[in-house]
Amino acid sequence: VGAQPMMQQGEEWSINDPALGTTIMAAKFDGGVVLAADSRTSSGVYIANRVSDKITRLHDKVYVCRSGSAADTQVVAQVTRLYIGLHSIDLEEEPEVKTAAHVLNSICYDNKNNLMAGMIVAGWDKRNKGKVYSIPLGGGIFEQEWTIGGSGSGYIYGYCDANWKENMSQAECIAFCKNAVSLAMSRDGSSGGVIRLVVINEQGAERHMVVGDDLPYQV
């Protein structure tokens, strides 16, 4: 996000829609998935919220990481949660992760000219086990073993490529995500705050938080 121009005499301050600056990711491990995100919401050069929660629940074992416009992604997540909840009631069972991802992608794609939303959907279901789907700006759905997004992601592709391995344990996957997001936060001025993590497996979802003093990499 570029810096705002100096205010001229007679002009009024305006705060842009909180957007863009973030680091989000998700990765599979042997038995589930981990989602991770920083907690800084920025609006130009102004930090609107330093402890925001960018990981939103869609269903008991399906969550989404949000990047882009805070307003847009919150509404998209809320509408998807409504549809998935009704779908689950109709089926009388938990929804599949790919169903939630396709519903969310449909909303993003159908409104691609009006939304700024890059999302990562991940979770666990009894048919497909742990799944991770990336939905970039403008729509499109891509199943991946791990994925990253947001302004901080460009700093950590090398780290993720070098350190990712298949069938990681839950502890290894948590460490992988925690280290990656922490590295991005140390380099990206639009990412910061704490690291929020959600671990999802057959038993359900569990939230974790890594505060500043416990971050693996600090400026």
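Is Asn-105 buried or exposed? In this predicted model, Asn-105 counts as buried because its relative accessible area is 12%, and buried means under 20%. The residue sits in helix α2. Beyond its neighbours within four places in sequence, Asn-105 is in contact with Ile-135, Gly-139, Gly-140 and Ile-141.

Helix α2 runs over residues 97-110 and has 14 residues, which at 1.5 Å a residue should span 20 Å; its end C-alpha atoms are 20 Å apart, so expectation and model agree. The buried residues of α2 are Val-97, Ala-100, Ala-101, Leu-104, Asn-105, Ile-107 and Cys-108. Around the axis they cover an arc of only 160°, and therefore they lie on the same side of α2. Against what do these buried residues pack? Their partners are the strands β5 (55-59), β6 (62-68), β7 (117-125) and β8 (129-135), together with helix α1 (70-91).

Two of these partners can be looked at through single residues. His-59 belongs to strand β5. With a relative accessibility of 12%, His-59 counts as buried. Leaving aside neighbours within four places in sequence, His-59 has contacts with Ile-84, Ser-88, Glu-94 and Pro-95. Ala-71, in turn, is part of helix α1. Its relative accessibility is 38%, so Ala-71 counts as partly exposed. From Ala-71 to Ser-52 the distance is 13 Å, C-alpha to C-alpha, while the two are 19 residues apart in sequence.

The largest nonpolar core has 25 residues, and the members that touch the most others are Met-25, Val-34, Cys-160, Phe-176, Cys-177 and Leu-197. Two or more residues come from each of β1 (24-29), β2 (32-37), β10 (146-149), α3 (157-163), α4 (170-187) and β11 (195-201). Helix α4 gives the most to this core, with eight residues. Cys-177 shows how such a member is placed: not counting residues up to four places away in sequence, Cys-177 touches Met-25, Ala-27, Val-34, Ala-36 and Leu-197. Another core, of 17 residues, lies apart from the largest one, and its members include Leu-58, Val-62, Ile-84 and Ala-100.

The cysteines deserve a separate look. How many disulfides does the structure hold? There are zero disulfides. For Cys-160, the closest cysteine sulfur is that of Cys-177, and the 7.9 Å between the two sulfurs is too far for a bond. Cys-160 has 0% relative accessibility, so this residue counts as buried. Cys-173 is in no disulfide either; the sulfur nearest to that of Cys-173 among cysteines belongs to Cys-177, 4.4 Å away. Because its relative accessibility is 0%, Cys-173 also counts as buried.

Last comes the confidence of the prediction. The protein chain has a mean pLDDT of 90, and 90% of its residues reach 70 or more. Over residues 1-8, however, pLDDT stays under 50, and for this stretch the model has eleven contacts beyond four places in sequence. Residues 13-17 likewise have a pLDDT below 50, with nine contacts in the model beyond near neighbours in sequence.

Definitions and conventions
Residues are numbered from 1 along each chain as its sequence is written. This is a predicted model: local features need pLDDT of at least 70, side-chain atom pairs count only at pLDDT 80 or more; totals for chains, interfaces and linings use all residues. Side-chain values use heavy atoms; hydrogens and water are left out. pLDDT is the predictor's confidence in each residue, from 0 to 100. Contact means heavy atoms within 4.5 Å. A nonpolar core is a set of buried Ala, Val, Leu, Ile, Met, Phe, Trp, Tyr and Cys residues joined through side-chain atoms within 4.5 Å. Buried means under 20% relative accessible area, exposed over 50%, partly exposed in between (1.4 Å probe, protein chains only). Helices (H or I, at least four residues) and strands (E, at least two) are DSSP runs, numbered from the N terminus. The expected span of a helix is 1.5 Å times one less than its number of residues. The arc is that of the directions from the helix axis to the C-beta atoms. A disulfide is a pair of cysteine sulfur atoms within 2.5 Å.
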